[in-house]
Amino acid sequence: MNKKIILITGANSGIGKETAMTLAKEGHTVIIHGRNIEKTKKVCEEIKNVSHNQNIDMVCADLSIMSNIPKIVAELESRYNSLDVLINNAGGQYGNTREVTSEGHEKTMAINVLAPFLLTKLLLPMLQKSKSARVVTVSSASYSVGKFDAKDIELNDGYSLTRSYGLSKRYVYWIMQKFAQSGIDGVTFNTVEPGSADSDLGRVSRNGKLANLVYYLWKPMMWSMDRAAATSIYMAVSDNLEGVSGRFYGNLKEKNIKSKFRIQSEIDEVWNYCNKICKDFLASC
Ligand SMILES: NC(=O)c1ccc[n+]([C@@H]2O[C@H](COP(=O)([O-])OP(=O)(O)OC[C@H]3O[C@@H](n4cnc5c(N)ncnc54)[C@H](OP(=O)(O)O)[C@@H]3O)[C@@H](O)[C@H]2O)c1
């Protein structure tokens, strides 16, 4: 297996950290993205020590703020000529009340959809400099939750925790489909769902008696972190997947997404929406 340069977002905890550790042990250059500098530095040191791989780098930014994304892309461009793999792993789940970022976007949509859209777009020139590049994006089995409304993509009216999370994970699958359909030379785009793992993801959404009860009942069924990270790792580096694009994988196998969840006009609506929202940040590319 060729050694690759791999950027993993949200790699300072949970599934992203496990993904980073395994890829570091395999000898790849791993760029850990986090949003807290001290926490991210500590994780980099831990990964270097455990993996005996010194090629561990880091970038920091709150990705829910779109204006931060061109800054980390510029940082990466100043350090690396090319990028072989981007793993869009960072993600969030919020509460029962709709919250917006300082840029006015619903928080779940900002981190789960707008961030991977913009980061992937802005990194395309670096990815295209690789001999063979891959973008792997972490969605969820929850992609099937929530009714789509083209007039209310960021859920101004119909917000609920489950609907925003479910739809955000469907939108991000659609965005990766659209990238794959664009036939960008030398870059593949795939989506994965990691199963259910006991991470920090529910740190906000689990507040409340019922949510906590469901969590404790469900906990014994949860997957180990290494099992949850396995599909991202497989999609990122396995020789079996060379040239494979536009697929949705879970538990190391391709998943069949029902046609009602991949209606082209809906995919186009979300793609056009993201382009419109991000247009100021895309103007230079
Ligand atoms: N765990 C599951 O059962 C499960 C199931 C399906 C899908 N997923 C998906 O798997 C991915 C990884 O989640 P996880 O379970 O490992 O949860 P996690 O431990 O909470 O990890 C999420 C990562 O994303 C980062 N992140 C969140 N908001 C961010 C922001 N605004 N800017 C920058 N980074 C941010 C977090 O950084 P901080 O550490 O700084 O908060 C963390 O590193 C997510 O996309 C999630 O939706 C998880």
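Trainee: Which residues of α1 and α2 meet?

Mentor: Two ideas come before the list. Helices (DSSP runs of H or I, at least four residues) and strands (runs of E, at least two) are numbered from the N terminus. Contact means heavy atoms within 4.5 Å. Here, Lys17, Ala20, Met21, Ala24 and Lys25 in α1 meet Val43, Glu46, Ile47, Val50 and Ser51 in α2. By class, this contact of α1 with α2 has six nonpolar, one polar and three charged residues. As for the classes, Ala, Val, Leu, Ile, Met, Phe, Trp, Tyr, Cys and Pro count as nonpolar, Asp, Glu, Lys and Arg as charged, and the others, Gly among them, as polar.

Trainee: What kind of model is this, and how are residues numbered?

Mentor: It's a predicted model, where local features need pLDDT of at least 70 and side-chain atom pairs count only at pLDDT 80 or more, while totals for chains, interfaces and linings use all residues. Numbering runs from 1 along each chain as its sequence is written, and side-chain values use heavy atoms, with hydrogens and water left out.

Trainee: At what angle do α1 and α2 pack?

Mentor: Axes are lines fitted to C-alpha atoms, for helices over the stretch in contact, and angles run from 0 to 180 degrees between N-to-C directions. For α1 and α2 (residues 37-51), the angle is about 40°, with the axes 9 Å apart.

Trainee: What about α1 with α7: roughly parallel or oblique?

Mentor: Angles under 35 degrees count as roughly parallel, over 145 as roughly antiparallel, 65 to 115 as roughly perpendicular and the rest as oblique. Helix α1 (residues 14-25) packs against α7 (residues 225-237) at about 60°, their axes being 8 Å apart. That makes α1 oblique to α7. The crossing of α1 and α7 is right-handed.

Trainee: And how is α3 placed against α4?

Mentor: They pack at about 30°, with axes 10 Å apart, so α3 is roughly parallel to α4. Their contact has eleven nonpolar, no polar and one charged residues. Residues on the α3 side include Ile72 and Leu76, and those on the α4 side include Leu119 and Met126.

Trainee: Now single residues. Is Ser238 buried or exposed?

Mentor: Buried means under 20% relative accessible area, exposed over 50%, and partly exposed in between (1.4 Å probe, protein chains only). Ser238 is at 12%, so Ser238 counts as buried. Its place is in the loop between α7 and β7.

Trainee: Which side chain makes a polar contact with that of Ser67?

Mentor: A polar contact is a pair of N or O atoms within 3.5 Å; within protein, one must be able to donate a hydrogen and the other to accept it, and residues adjacent in sequence count only if both atoms are side-chain atoms. The partner of the Ser67 side chain is the side chain of Glu103, at 3.0 Å. Ser67 is in the loop between β3 and α3 and is partly exposed at 28%.

Trainee: What is the phi of Asn251?

Mentor: Most residues other than glycine have a negative phi. Asn251 has a positive phi of about 50° although it is not a glycine. Leu252 has a positive phi too, near 70°. Asn251 is in the loop between β7 and β8, where Leu252 also lies.

Note on methods: A crossing is left-handed if the near helix is turned anticlockwise from the far one by less than a right angle, and right-handed if clockwise.
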